[in-house]
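Please look at the sequence and the three-dimensional structure shown here before reading on. The report is meant to be read slowly, with the structure kept in view.

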Amino acid sequence: MGIPALRVHTLHNLAMHEADRAGRWIQQVAFCQGVAPVAIGQAVAESVRKLYRRDPAAIIPNGIKVSAFQVPIGTRERVRFELGAGSGPVLLVVGRLNVQKNHALLLSAFEDPRLSQAQLWVAGEGELEAEL
């Protein structure tokens, strides 16, 4: 006889951001066919209820207390101003500065005009520190 198989799909992000439109349609079909949604955290569970109109089979609590990392409103803007980050995207690369990491390729990618508003910040030490 055996143990009945349970098929689950674990959602780690808010349901509306977990997949594109086609992916959401596939998930809906899967849920209608008996695949059980499992939500990571209460916010994800609420998004499953809202988008797919069904309760998750299980809710797995977040591994960290998210509220411990919340900062007062305005902090992001203040810190960006203090660091001279402006309003565009910032990519921070942290790591050893050596040939294997190929920072030269990353620097050449930032020559693309589509990234003209972005900033690249490189943090680390290594043999290429003076060159970079």
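## About the model

This is a predicted model, in which local features need pLDDT of at least 70 and side-chain atom pairs count only at pLDDT 80 or more, while totals for chains, interfaces and linings use all residues. Residues are numbered from 1 along each chain as its sequence is written, and side-chain values use heavy atoms, with hydrogens and water left out.

## The sheet and its helices

Three strands form an open sheet in the order 1-2-3, with parallel pairing; here strands (E, at least two residues) and helices (H or I, at least four) are DSSP runs, numbered from the N terminus, and two strands pair if DSSP finds at least two bridges between them. Strand 1 (8-11) and strand 3 stand at the edges with a single partner strand each, so one side of each is left without a neighbour in the sheet. From one strand to the next, the twist averages 25°. Strand 2 (residues 36-40) runs parallel to strand 3 and is joined to it by three bridges, and Ala-39 has Ile-59 in strand 3 as its bridge partner.

Helix 2 (residues 21-32) packs on this sheet, where it touches strand 1 and strand 2, and its direction makes about 140° with that of strand 1. Helix 3 also packs on the sheet, touching strand 1, strand 2 and strand 3, and its direction makes about 145° with that of strand 2. In these descriptions, touching rests on contact, meaning heavy atoms within 4.5 Å, while axes are lines fitted to C-alpha atoms, for helices over the stretch in contact, and angles run from 0 to 180 degrees between N-to-C directions.

## An aromatic pair

A search of the whole structure finds one aromatic pair, the rule being that rings of Phe, Tyr and Trp (its six-membered ring) pair if their centres lie within 6.5 Å, with planes under 30 degrees apart counted as stacked, over 60 as edge-to-face and the rest as tilted. The ring centres of Phe-31 and Tyr-52 are 5.0 Å apart and their planes stand at 85°, so the pair is edge-to-face. Because Phe-31 lies in helix 2 and Tyr-52 in helix 3, the pair ties together parts that are 21 residues apart in sequence.

Phe-31 is buried, with a relative accessible area of 3%, and Tyr-52 is buried too, with a value of 4%; buried means under 20% relative accessible area, exposed over 50%, and partly exposed in between (1.4 Å probe, protein chains only).

Ser-47 lies in helix 3 (residues 42-52) and is buried, with a relative accessible area of 4%. Its side chain reaches the backbone oxygen of Val-44 at 2.7 Å. Leaving aside neighbours within four places in sequence, Ser-47 is in contact with Leu-14, Ala-15, Met-16 and Tyr-52.

## Salt bridges

How many salt bridges does the rule give? The count comes to four, where a salt bridge is a side-chain nitrogen of Lys or Arg within 4 Å of a carboxyl oxygen of Asp or Glu. In helix 3, Arg-49 and Glu-46 lie three residues apart, about one turn of the helix, and their side chains meet in a salt bridge (2.7 Å, N to O). Arg-49 is partly exposed at 27% relative accessible area, and Glu-46 is partly exposed at 43%. Glu-46, Arg-49 and Asp-55 are linked in a network of salt bridges.

Glu-82 forms a salt bridge with Arg-78, the closest N and O atoms being 3.0 Å apart, and both residues lie in helix 4 (residues 75-83), four residues apart, about one turn of the helix. Glu-82 counts as exposed at 54% relative accessibility, whereas Arg-78 is partly exposed at 45%. Arg-114 forms a salt bridge with Asp-112, with the closest N and O atoms 2.6 Å apart; Arg-114 is exposed at 73%, and Asp-112 is partly exposed at 22%.

## Two loop residues with positive phi

Arg-53 has a positive phi of about 55° although it is not a glycine. Arg-53 lies in the loop between helix 3 and strand 3 (58-60) and is exposed, with a relative accessible area of 70%.

Asn-102, also a residue other than glycine, has a positive phi near 55°. Asn-102 lies in the loop between strand 4 (90-94) and helix 5 (103-109), and is partly exposed, with a relative accessible area of 39%.

Technical notes:
Polar contact = N/O pair within 3.5 Å; in protein donor to acceptor, adjacent residues only side chain to side chain.
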